[in-house]
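Reader: I'd like a close look at one part of this model, please. Start with whatever the database record marks out, then take me through the rest at strand level, turns included.

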Amino acid sequence: MIKETYYISGWCTIREGTVCKNGTLYYKDSDADTAKDFAKGLYAFMNLKYSKFHKMDSLCKLGFLASELLLTDRKDIHQDTALVMSNKASSLDTDRSYQESINDRANFYPSPSVFVYTLPNIVMGEISIRHHLKSENAFFVTDYFDASFHTKYANILLSTKKASQVICGWVDLDTDKYDVFLALIAKKGKKKLTQSSLHKIYNQ
Amino acid sequence: MPELKEELKEKLITQLSLEDIEIGEIGDNDPLFGSGLGLDSIDALELIVMLEKDYGIKLKDPKEGKAIFESITVMSDYIIKNRTK
């Protein structure tokens, strides 16, 4: 059986106040002190109109915005586009907020809207809702972005026809330090998908 | 009563992160769920917590919220009748 070749069709990074799309600077905001403020500025810059965005936690906002960068203007996104993501800090940022809200037993009012974001995979749910995806999704907590793992996982999903495209990457946030990278893997694209090419564009 | 309605609209916007909506856009009798402000089930839970935290009203059955959160006017009437703080 001939092994099919897959491609990186598009990618973006969001880190240290800078957003790059397909390797080109898209947006920069060095003044935003927090991830929340940065995400708000980027949302306005992208001229998005999606009221649910404001309800998301910062991890979801950053992953959501990265997916918007990746998918905006694309008409070839299918419902079976799989999502495979990873990060190091899980949902720790929101976990801390939630913990703070329940520390005081005399003033114990846990917030349901904070609690729902105390899992990192919620970001994939938000992206699925936005783009009506009904697909495979998996979120892994690892020490670093493992390009080899993501390349293999995408290859398996595509070659076994579990998905026609895969959005994979790294969506990490811990105390306003954020590192987001998403890539769209498809049958056609700009770069051949290999561990090395994925690793290289992550580090761009 | 008008003050409470304005207070509720402010709380709705801040506590439910309705950043795209101004206070003036929320009518006293507009439906809050469904075709109105488009609030969802998590928002309903958040409103139940708000009733208890800010007005001392503890709902025994969360399903009661469906009627209480029909509009700002209905919410306001309910709070006036039942508030303990």
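Author: Across residues 2–83 of chain B, 54% of the chain is helix and 0% is strand, with the end C-alpha atoms 16 Å apart. (Helices, H or I with at least four residues, and strands, E with at least two, are DSSP runs numbered from the N terminus.) UniProt lists those residues as "domain: Carrier", in an unreviewed entry; its positions are given in the numbering used here, feature names are shortened, and annotations may be inferred rather than shown by experiment.

Some housekeeping. This is a predicted model, in which local features need pLDDT of at least 70 and side-chain atom pairs count only at pLDDT 80 or more, while totals for chains, interfaces and linings use all residues. Residues are numbered from 1 along each chain as its sequence is written, and chains are lettered from A and ligands numbered from 1 in the order in which they are written.

On confidence, chain B has a mean pLDDT (the predictor's confidence in each residue, from 0 to 100) of 91, and 99% of its residues reach 70 or more. The model scores ipTM 0.83 and pTM 0.92.

Where the chains meet, 8 residues of chain A are in contact with 9 of chain B, contact being C-beta atoms, placed from the backbone, within 7 Å. That side of chain A splits into 3 nonpolar, 4 polar and 1 charged. (Ala, Val, Leu, Ile, Met, Phe, Trp, Tyr, Cys and Pro count as nonpolar, Asp, Glu, Lys and Arg as charged, and the others, Gly among them, as polar.)

Now for strand β6 (residues 166–174) of chain A: 8 of its 9 residues are buried. Buried means 20 or more other C-beta atoms within 10 Å of a residue's own, exposed 12 or fewer, and partly exposed in between, with C-beta atoms placed from the backbone. β6(A) pairs in the parallel sense with strand β4 (residues 82–87) of chain A over 5 bridges; pairing takes at least two DSSP bridges. Here A:Ala82 stands opposite A:Val166. With strand β7 (residues 177–186) of chain A, β6(A) pairs in the antiparallel sense over 9 bridges, and A:Gly169 stands opposite A:Leu182.

The β6(A)–β7(A) hairpin has 2 residues between the strands, and A:Thr175 takes a positive phi near 50° there. Most residues other than glycine have a negative phi. A:Thr175 is exposed, because 11 other C-beta atoms lie within 10 Å. A:Lys161, in the loop between α6 (147–159) and β6 of chain A, has a positive phi too, near 65°; it counts as exposed because it has 8 C-beta neighbours inside 10 Å.

Back to A:Val166: along with A:Leu62, A:Ala154 and A:Ile185, it touches the most other members of the largest nonpolar core, which has 53 residues. (Such a core is a set of buried Ala, Val, Leu, Ile, Met, Phe, Trp, Tyr and Cys residues joined through C-beta atoms within 7 Å.) Apart from it lies another core, of 13 residues, including B:Leu8 and B:Ile68.

Terms used
Two residues are in contact if their C-beta atoms, placed from the backbone, lie within 7 Å.
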